[in-house]
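Please open the structure below and keep it beside you as you go.

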Amino acid sequence: MPQPNIYVTRRFADSGIKALKAKGYKVTVYAEDKVIPRKELLKNVKGCDALLSLLTDQIDEEVFKAAGPQLKIVANYAVGFDNVDLAAAKKRNIPVTNTPSDKVNEAVAEHTFALMLCLARRIAEADVFAKAKKYQGWSPNLLNGTDLYGKTLGIIGAGRIGSAVARRAVGGFGMKLVYSDMRQNVDLERLYKAQYMSMEKLLETSDFVSLHVPLLPSTRHLISTSEFSMMKKTAFLVNTARGPVVDEKALLRALKTKRIAGAGIDVFECEPAIDCDVTDNLELKSFANVILTPHIASATIEAREAMSMVAAENILAVLSGKPPLNPAK
Ligand code: DGY
């Protein structure tokens, strides 16, 4: 019997690829280090038993059709899976998996704090200032920021990543914690004295608001004009979740009118474009109180290796007739 073959849409941390090859599976990786063009994706998936996709690949009916009826699993190399049409997969009985891992939770939580610290302590502005040789000597009025200590962090979405952020906030930075979610998280309340509240109340209460929800129809533009209007004028927004969770136009307006104090943004509504539309001459990059990073919250060597292994383990499980370890749902 021929060995199953696995198609991988991009080269990445190779522990998982090695594990698949060690099993004797034929693994083909898209040769170029770029997002695979749609046409090539449709051509290359033909006949594969497992597809290891990235969040930059749209996996839909057309891809399932192009792959053929032998396709047994789509292992998405990401925690998020909004790029996969789950209904189309379900119709064909193809499990879709994602790559949650403690390593990813910790990496994203660290990045969330990197953004919060950068905003609160004006690190990017200070770096530009110092490199421009503008420093003339110590001044009590130079680049004063704000403490994290004693401030209230509002976590929207209290799952694994939100909880890793919560631990740092309370244990590491002496912050107070409030959270909103569809479900109450009793561990968060017990461990970190977190207060459960409605999102509206959280927005009114928090000095920092950090988003940790998946992108779903119900979370698209979760933060828009009316939500910004509820936030404190001194509050910062951090988004390491998915770009469309924040209405970018509303964010730009909130920044322009100083409705909020600033934003740390790792994910973009029209990714990979940083701005969806600049016809109104407002661009995220034009604000000194906005820190932009290009979707790298989980970009640590440790997290990438873990994601690679989790994706591979899901493929190994399904191809040996077992249930998937991390079904996306
Ligand atoms: C994820 O895993 O969903 C991240 O956004 C990509 O690293």
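**Exercise 1.** Is K258 buried or exposed?

*Solution.* Before starting, note that this is a predicted model, where local features need pLDDT of at least 70, side-chain atom pairs count only at pLDDT 80 or more, and totals for chains, interfaces and linings use all residues. Residues are numbered from 1 along each chain as its sequence is written, and side-chain values use heavy atoms, with hydrogens and water left out.

Step 1: recall the cut-offs, with buried meaning under 20% relative accessible area, exposed over 50%, and partly exposed in between (1.4 Å probe, protein chains only). Step 2: K258 has a relative accessible area of 60%, so K258 is exposed. Step 3: find its place, which is the loop between α11 (248-256) and β11. Helices (H or I, at least four residues) and strands (E, at least two) are DSSP runs, numbered from the N terminus.

**Exercise 2.** Find the backbone feature of K258 and K193 and place K193 in the chain.

*Solution.* Step 1: start from the background that most residues other than glycine have a negative phi, and most peptide bonds are trans. Step 2: K258 is not a glycine, yet its phi is positive, about 55 degrees. Step 3: K193, also not a glycine, has a positive phi of about 50 degrees. Step 4: K193 sits in the loop between α8 (186-192) and β8 (195-196), and its relative accessibility of 73% makes it exposed.

**Exercise 3.** Which peptide bond is cis, from E271 to which residue?

*Solution.* Step 1: look at omega, which is near 10 degrees for the bond from E271 to P272, a cis bond. Step 2: locate P272, which lies in the loop between β11 (262-265) and β12 (290-292).

**Exercise 4.** Work out how helix α1 is oriented in the model.

*Solution.* Step 1: list the buried residues of α1 (residues 15-22), which are G16, I17 and L20. Step 2: look down the helix axis; these buried residues fall within an arc of 100 degrees, so they line one face of α1. The arc is that of the directions from the helix axis to the C-beta atoms. Step 3: turn to the other side of α1, where K18 and A22 are exposed. Step 4: identify the cover over the buried residues, which includes β1 (5-8), β2 (26-29), β3 (50-54) and α12 (301-319). Step 5: continue just past α1 to G24, whose phi is positive, about 90 degrees.

**Exercise 5.** Which residues does S180 touch, not counting residues up to four places away in sequence?

*Solution.* Step 1: find S180 in strand β7 (residues 176-180). Step 2: check its relative accessible area, which is 7%, so S180 is buried. Step 3: collect its contacts (heavy atoms within 4.5 Å); among them are I155, I156, G157, A158, Y196, M197 and L202.

**Exercise 6.** Describe the protein as a whole.

*Solution.* Step 1: count the elements, 12 helices and 12 strands. Step 2: compare the radius of gyration, taken over C-alpha atoms, with the globule rule of 2.2 Å times the number of residues to the power 0.38. For 329 residues a compact globule would have a value near 20 Å, and the protein has 22 Å, which agrees. Step 3: the C-alpha atoms fill a box of roughly 75 × 45 × 35 Å along the principal axes. Step 4: 48% of the 329 residues count as buried.
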